[in-house]
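This briefing concerns a predicted model.

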Amino acid sequence: MKKSWIFWSLVFGTSTALGAPVASGTSQASNEVMASEQSRVSALQRSDLNALDRIMADDVTYVHASGKVDTKKSYLDAIRSGQLHYISWQSKNLQVRVMGDSAVINGEYAVRVTDARVQPTPFDINILILTMYARRDGRWQQIAWQSTRDTTTSPAK
């Protein structure tokens, strides 16, 4: 029983930080995954489609807090067309867990965004996230994203 508890504590243990994202543990893989996530957020704020194309896997599933589901193509097309424009992303608390060639990041972001598919004006939203990365061809790629509105901290619409 004790061995099982230790195993699950290591697999699902978390590290908490306010502000900058942190990797739980100090493994090189954890740091690489978090660097990929930071690059993704930076690319979103700059609408850098080339960087996003490299970071997002072709088969990514992207579920927004609004319930909208995007493929890689529909997501990048929305950014390209200007329908979707991220103004800022601020991590509030992120943890990463690496399991071989897979990694999960969970936590929170405060986001300012214009998404004409949801409403025409910019809005602020605090989201709880779960995203998955896989090591493919020697790099970490995002393969799934799921977010939900944090109703305890998001401004009312």
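How many residues lie between β1 and β2 in their hairpin, and which residue in the turn has a positive phi? Five residues lie between the two strands, and Gly-67 in the turn has a positive phi of about 100°.

**Strand pairing**

- Strand β1 runs antiparallel to strand β2 (residues 69-70), to which two bridges join it, and within this pairing Val-63 stands opposite Val-69 in β2.
- β1 is also joined to β6, in this case by four bridges and in the parallel sense, and Val-63 has Gln-146 as its bridge partner in β6.
- Strands β4 and β5 (residues 123-136) run antiparallel and are joined by 12 bridges; Ile-105, for example, has Thr-131 of β5 as its bridge partner.
- β5 goes on to pair with strand β6 (residues 139-149), again in the antiparallel sense, over 10 bridges, and Leu-128 has Thr-148 of β6 as its bridge partner.
- The hairpin of β5 and β6 has two residues between the strands, and Asp-137 takes a positive phi near 50° there.

**Aromatic pairs around Trp-89**

- Across the whole structure, a search finds seven aromatic pairs. The rings of Tyr-86 and Trp-89 have centres 5.2 Å apart and planes at 50°, so this pair is classed as tilted.
- Trp-89 also pairs with Tyr-109 in an edge-to-face arrangement, with 4.9 Å from centre to centre and 85° between the planes. This second pair links distant parts of the chain, since Trp-89 belongs to strand β3 (residues 84-99) and Tyr-109 to strand β4 (residues 102-115), 20 residues apart.
- Ring pairs link Tyr-62, Tyr-75, Tyr-86, Trp-89, Tyr-109 and Trp-145 into a cluster.
- Trp-89 has a relative accessibility of 9% and therefore counts as buried, and Tyr-109, at 2%, counts as buried too; Tyr-86 is likewise buried.
- Arg-40 lies over the face of Trp-89, at 5.3 Å from the ring centre, and this arginine is itself among the buried residues of α2.

**The largest nonpolar core**

- The largest nonpolar core has 34 residues, of which Tyr-75, Tyr-86, Trp-89, Ile-105, Tyr-109, Val-111 and Ile-127 touch the most other members.
- In soluble globular proteins, nonpolar side chains tend to be buried together.
- Tyr-75, leaving aside its neighbours within four places in sequence, is in contact with Leu-44, Met-56, Tyr-62, His-64, Asp-70, Leu-84 and Tyr-86.

**Helix α2**

- Helix α2 (residues 28-46) has 19 residues, which at 1.5 Å a residue should span 27 Å, and its end C-alpha atoms are 27 Å apart, so the two values agree.
- The buried residues of α2 include Ala-29, Val-33, Met-34, Glu-37, Val-41 and Leu-44.
- An α-helix has 3.6 residues a turn, so residues three or four places apart point the same way.
- Just after α2, Ser-47 takes a positive phi of about 55°.

Methods
Residues are numbered from 1 along each chain as its sequence is written. This is a predicted model: local features need pLDDT of at least 70, side-chain atom pairs count only at pLDDT 80 or more; totals for chains, interfaces and linings use all residues. Side-chain values use heavy atoms; hydrogens and water are left out. Rings of Phe, Tyr and Trp (its six-membered ring) pair if their centres lie within 6.5 Å; planes under 30 degrees apart count as stacked, over 60 as edge-to-face and the rest as tilted. Buried means under 20% relative accessible area, exposed over 50%, partly exposed in between (1.4 Å probe, protein chains only). A charge sits over a ring if NZ of Lys or CZ of Arg is within 6 Å of the ring centre and within 35 degrees of the ring normal. The expected span of a helix is 1.5 Å times one less than its number of residues. Two strands pair if DSSP finds at least two bridges between them. A nonpolar core is a set of buried Ala, Val, Leu, Ile, Met, Phe, Trp, Tyr and Cys residues joined through side-chain atoms within 4.5 Å. Contact means heavy atoms within 4.5 Å.
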